[in-house]
Amino acid sequence: MTALAPKLLDSHPDLVRAVRQGTPSSPTDDLRFLVAVAPDGAAATVEGAHEALALKMSFDDEDGSGWKTETAPTISAVIHFPPFSLLLADRQLAASLPHLDCTDWLNLGVDDEANVQIVLPVVDLPKTPNAPVPVSMLRFAEARA
């Protein structure tokens with residue numbers, strides 16, 4: 001996980017240790033663990049950008065100010081590889097990502113059993129064949145399994 005998102009070890013050492021060891025961990029307030037289904041044939045995407053910012057620029061000539069910039073946190077870690085799409089994302093991004101929030105699952109260890117009933121959305125990323133594009137600059141879209 002730390003090779004995927006190197007700064008995560010510095011900011012959330014207890015979470016990284018728990019995931020590596022498969023032990024229960026109390027979820028942090030700032031990160032959400034999100035899960036969806038990635039359809040067969042989806043391109044494998046593994047990416048990390050913990051504590052990074054995505055910069056969005058747009059030209060607005062209506063008020064004469066020209067270029068406007070906005071920043072937003074990037075997704076901390078992405079493993080989008082069929083059959084699952086797993087994200088670790090900042091709380092303020094979670095609502096904009098079409099994944100199920102499964103953060104409470106971090107309270108369980110690998111040997112714990114839980115009786116759950118869930119419906120996972122099926123999502124995919126747009127194809128970018130001509131150039132690699134960071135996931136935080138793309139939008140997950142609903143897809144068919």
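## The open sheet

Five strands make up an open sheet, arranged in the order β2-β5-β6-β1-β7 with antiparallel pairing. Its edge strands are β2 and β7 (100-101), each of which pairs on one side only. Here two strands are said to pair if DSSP finds at least two bridges between them, and strands (E, at least two residues) and helices (H or I, at least four) are DSSP runs numbered from the N terminus. The structure is a predicted model, in which local features need pLDDT of at least 70, side-chain atom pairs count only at pLDDT 80 or more, and totals for chains, interfaces and linings use all residues. Residues are numbered from 1 along each chain as its sequence is written, and side-chain values use heavy atoms, with hydrogens and water left out.

Strand β6 takes part in two of the pairings described here. With β1 (residues 31-37), strand β6 pairs in the antiparallel sense over seven bridges; Val37 has Phe84 of β6 as its bridge partner. With β5, strand β6 pairs over five bridges, again in the antiparallel sense. Ala77 is bridged to Leu88 of β6, and Ile79 stands opposite Leu86 in β6. In a regular strand the side chains alternate between the two faces of the sheet.

A hairpin of two residues joins β5 to β6. Pro83 is found in this loop, between β5 (77-81) and β6 (84-90). The peptide bond that joins Pro82 and Pro83 is cis, with omega of about 15°.

## Glu51 in the β2-β3 loop

The loop between β2 (45-48) and β3 (53-60) contains Glu51. Although Glu51 is not a glycine, its phi is positive, at about 65°. Most residues other than glycine have a negative phi, and most peptide bonds are trans. Glu51 has a relative accessible area of 52% and is therefore classed as exposed; the classes are buried (under 20% relative accessible area), exposed (over 50%) and partly exposed in between, using a 1.4 Å probe and protein chains only.

## Thr74 in the β4-β5 loop

Thr74 is found in the loop between β4 (66-73) and β5. Its relative accessibility is 8%, so Thr74 counts as buried. The side chain of Thr74 reaches the backbone oxygen of Ala49 at 2.6 Å.

Leaving aside neighbours within four places in sequence, Thr74 is in contact (heavy atoms within 4.5 Å) with Ala49, Ala52, Leu53, Ala54, Leu93 and Ser136.

## The chain as a whole

The chain contains three helices and nine strands. From the N terminus on, these elements run α-α-β-β-β-β-β-β-α-β-β-β. Along the principal axes, the C-alpha atoms fill a box of roughly 60 × 35 × 25 Å. Of the 145 residues, 35% count as buried. Among contacts between residues at least 6 apart in sequence, 62% join residues at least 24 apart.

The accessible surface of the chain comes to about 9300 Å², and 53% of this belongs to carbon and sulfur atoms; the areas come from the Shrake-Rupley method with a 1.4 Å probe, and for residues only the protein chains shown count as cover. The chain carries 10 positive and 20 negative side chains, and the centres of the two sets lie 3 Å apart. Lys and Arg count as positive and Asp and Glu as negative, while His and the chain ends are not counted; each charge is placed at NZ of Lys, CZ of Arg, CG of Asp or CD of Glu.

Key: A polar contact is a pair of N or O atoms within 3.5 Å; within protein, one must be able to donate a hydrogen and the other to accept it, and residues adjacent in sequence count only if both atoms are side-chain atoms.
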